[in-house]
Each structure stands twice: as structure tokens, then as C-alpha cells.
Amino acid sequence: MTDKFRLGLVGGIASGKSTVAGFLRDRGWAIVDADKVAHEVYAPGTDTVDSIRSLFGAGVVLPDGSVDRKALGTIVFSDPEALKRLEALVHPATRERIALRMDEEAARRGKVVLEMTLLYRWPEMASKLDSVVGVRCPDEIRLDRLVARSGLDRAEALRRLAAQVAQERILAPAAHVLDNAGTVDDLERGIARFL
Ligand code: ADP
């Protein structure tokens with residue numbers, strides 16, 4: 001792989017994307033995490049926060065003026081229509097920031113990874129990437145790992161897993177898919193082989 005490379009990283013919730021991103025970071029890659037960029041859009045004082053308050057009520061905004069992501073998450077993960085309304089608001093603002101960050105990191109670091117579950121909905125970005133790698137993991141294992149990682153109760157974790165589109169759809173942009181049903185070491189060997 002050359003010194004200049006834009007790699008996409010996709011996978012469902014708790015499939016192991018961040019773990020793969022960590023391996024890549026250790027190998028000198030810059031990481032653009034779409035979720036983290038989306039959080040920035042929720043910072044106090046943005047137009048997006050005002051719009052979210054109008055749509056979902058004052059209960060989803062914290063006293064410091066930022067969005068209460070936990071409260072918002074509880075609403076949208078159990079209501080697909082609410083999730084759509086939220087996404088229509090947040091996605092354009094997030095995409096603009098992501099594209100900017102990708103260009104900055106590519107110029108500065110050369111090798112950059114875009115970690116983004118919803119890349120399949122953004123073909124314009126996918127077509128700008130040199131390759132896309134996916135992480136696949138069986139639902140039962142993802143559920144266990146999600147509970148362990150988040151401390152959510154099992155029923156809520158299951159709801160979040162079920163609210164997401166099927167893994168195969170998320171993995172559609174991936175030219176190469178890593179299996180993460182095994183150990184973390186297996187996963188690391190998989191990404192090393194891919195590189
Ligand atoms: P994602 O970023 O796709 O949501 P993570 O990389 O955060 O997924 O993985 C979900 C959780 O499972 C994390 O707590 C992570 O440390 C753990 N995990 C990931 N891969 C493995 C594995 N092969 N074996 C055990 N735990 C794992």
C-alpha cells in the first residue's frame with residue numbers, strides 16, 4: 001500500500017470497527033470517525049442543536065446547551081421515523097465536516113481511514129476512497145460485546161442492534177470483509193493481511 005491512501009472502514013454496531021481503527025492508528029494512519037464528527041455537530045450553540053430542540057423537545061438538550069445524546073438515542077433507536085427526521089438534519093452538516101477532515105488529514109498524513117457505518121448511503125464519498133474494508137460479526141456476538149462495552153441492559157442493546165439496517169447492507173461498499181467472530185488477535189492478523 002502506498003503512502004497516500006484513503007480507506008473506508010464499515011461495519012454494524014459493535015462489529016469491531018473501532019478496534020480495527022485502533023490497529024491502523026498504531027500503524028500510522030489518521031482516523032476520521034464519522035460518529036465523532038457527528039458529535040461535534042451537537043456542540044452547544046450550533047443551529048443543529050436549535051433544530052433538534054424544536055423537533056424533540058427541551059428534554060434532549062443538556063443545561064450546558066449540548067445535545068443529550070443518551071436521551072435522544074433512547075427516542076430515535078425505538079422510533080424509525082424519529083431517526084429519519086434526526087438524520088435529515090444531522091447528516092448534511094456532518095458530511096460537510098467529514099469531507100473537510102478527510103482532505104486535511106490526507107494532505108497532512110497521507111494515509112487516512114474513514115470509519116463510517118453509513119458509508120453505503122454516501123456513494124459520492126465512497127467513490128473517492130481508494131478502497132473500503134468491512135468488519136463482519138454474528139449478531140449474537142455483537143450483542144454480547146455491545147452489552148459489555150456500553151453497560152446497556154440486554155433488551156436496550158438488542159433494540160439498538162435491531163434498529164440498524166442489516167449488516168450486509170452496511171458492508172455493501174466493502175471490497176474486502178474481515179471476519180470478527182474470533183479473537184482480537186485474529187482481527188489484527190486479518191487487517192495486517194489486508195494491508
Ligand atoms: P464498533 O466500533 O464496530 O462499534 P468496537 O470495535 O467498539 O465495535 O467493538 C465492540 C466491542 O467489542 C468493544 O468493546 C471491543 O473492545 C470488543 N471487541 C472487538 N473485537 C473483539 C474480539 N475479536 N473479541 C473480543 N472483543 C472484541
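## How two helices cross

How are helix 1 and helix 10 oriented to each other: parallel, antiparallel, perpendicular or oblique? The model is predicted. In it, helix 1 spans residues 17-26 and helix 10 spans residues 184-194. Two packed helices are described by the angle between their axes and the distance between those axes. Here the angle is about 55 degrees. The axes lie 10 Å apart.

An angle between 35 and 65 degrees falls in the oblique range. Helix 1 and helix 10 are therefore oblique to each other. Their crossing is right-handed.

## Who meets whom

Helix 1 brings Thr19, Val20, Phe23 and Leu24 to the contact. Helix 10 brings Val184, Leu187, Glu188 and Ile191. Sorted by class, the contact of helix 1 with helix 10 has 6 nonpolar, 1 polar and 1 charged residues.

## The two sides of helix 3

Now turn to helix 3, residues 47-56. Which of its residues are buried? They are Thr48, Val49, Ile52 and Phe56. These residues cover an arc of only 100 degrees around the axis, so they sit on the same side of helix 3. Asp47 and Ser54 are on the other side, and they are exposed.

## Neighbours of helix 3

What do the buried residues of helix 3 pack against? Their partners are helix 2 (34-41), helix 4 (69-76) and helix 5 (80-109).

Follow the chain just past helix 3 and you reach Gly57. Gly57 takes a positive phi of about 95 degrees.

Definitions and conventions
Residues numbered from 1 in each chain as written. Predicted model: local features only at pLDDT ≥ 70, side-chain atom pairs only at ≥ 80, totals over all residues. Heavy atoms only, no water. Buried < 20%, exposed > 50% of the residue type's maximum accessible area, 1.4 Å probe, protein only. Helix = DSSP H or I, 4+ residues; strand = E, 2+ residues; numbered from the N terminus. Arc of directions from axis to C-beta. Contact = heavy atoms within 4.5 Å. Axes fitted to C-alpha atoms, helices over the stretch in contact; angles between N-to-C directions. Parallel < 35°, antiparallel > 145°, perpendicular 65-115°, else oblique. Left-handed = near helix turned anticlockwise from the far one by under 90°. Nonpolar A, V, L, I, M, F, W, Y, C, P; charged D, E, K, R; others polar.
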